[in-house]
Amino acid sequence: MKITIIYDNETWQPGLEADWGFACLVEAEGRRWLFDTGAKGTVLLANMEHLGIDPQTITAIFISHAHWDHVGGLADLLPLNRDVRVYLPGSCPRPPEAREVVSVQGPLEIAENFFSTGELPGAEQSLVVKTAQGLAVICGCSHPGVGTILKAASRFGRVAALIGGLHGFKEYELLADLALVCPCHCTQNQAEIMGRYPETAVSGGAGRVLEFG
Ligand SMILES: [Zn+2]
Ligand SMILES: [Zn+2]
């Protein structure tokens, strides 16, 4: 699988705009899923254009949670791809521009090798992708807590990678067995995680591409 960070608080590639929020393109099994949409449609679309990601090639949108810095780009993106299906956590309000919405409640296999943890306490779902190397978990802000997310994901197999915003996460030992950690967006203790796991932790930033599995 390949993950391209489109929207992040920092940039990895010159020419992209940094802004508080998160969005990434998840490519696996011939699918091109957009995970979250950042805060501003203008920044999302400009960064996508710079990265050569045509909005019409997105095959589904997966929204982690209803916070403005994750759903803000939807209103500008959806008119450019009217047929895309949007997977929302159950409590998230339906975006008026969306034609096809799937409201996710409990844990679910959405497509072959693509899973949702289901909406966890904290009103957030994480995307789980099965790869040859184990499961990759992509999270928005980790409001349910990283431990809760990893436990929920592990019902689908062995978690091997974690990418996304980890908020105030401090239980660093939970990351010990992972092959890849990319703590970005709202992660407050990024330096500690990078220092503790120099072999497996990588920084994020808009434009960063991670291949895994
Ligand atoms: Zn956030
Ligand atoms: Zn949030």
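Me: Which conventions apply to the numbering and to the values?

Reply: Residues are numbered from 1 along each chain as its sequence is written, and chains are lettered from A and ligands numbered from 1 in the order in which they are written. In this predicted model, local features need pLDDT of at least 70, side-chain atom pairs count only at pLDDT 80 or more, and totals for chains, interfaces and linings use all residues, while side-chain values use heavy atoms, leaving out hydrogens and water.

Me: How many disulfides are there?

Reply: A disulfide is a covalent bond between the sulfur atoms of two cysteines. The rule requires a pair of cysteine sulfur atoms within 2.5 Å, and by it the count is zero.

Me: Is Cys186 buried or exposed?

Reply: Buried means under 20% relative accessible area, exposed over 50%, and partly exposed in between (1.4 Å probe, protein chains only). Cys186 has 5% and is buried; Cys92, with 10%, is buried too.

Me: What is the strand order of the open sheet?

Reply: Strands of a sheet pair through backbone hydrogen bonds, either parallel or antiparallel. Strands are DSSP runs (E, at least two residues), numbered from the N terminus, and two of them pair if DSSP finds at least two bridges between them. Here seven strands have the order β6-β5-β4-β3-β2-β1-β13, with mixed pairing. The edge strands, β6 (100-104) and β13 (209-211), each pair on one side only.

Me: How many bridges join β2 to β3?

Reply: Five bridges join β2 (residues 23-28) to β3 (residues 31-35), and the two run antiparallel. Glu27 has Arg32 in β3 as its bridge partner.

Technical notes: Helices (H or I, at least four residues) and strands (E, at least two) are DSSP runs, numbered from the N terminus.
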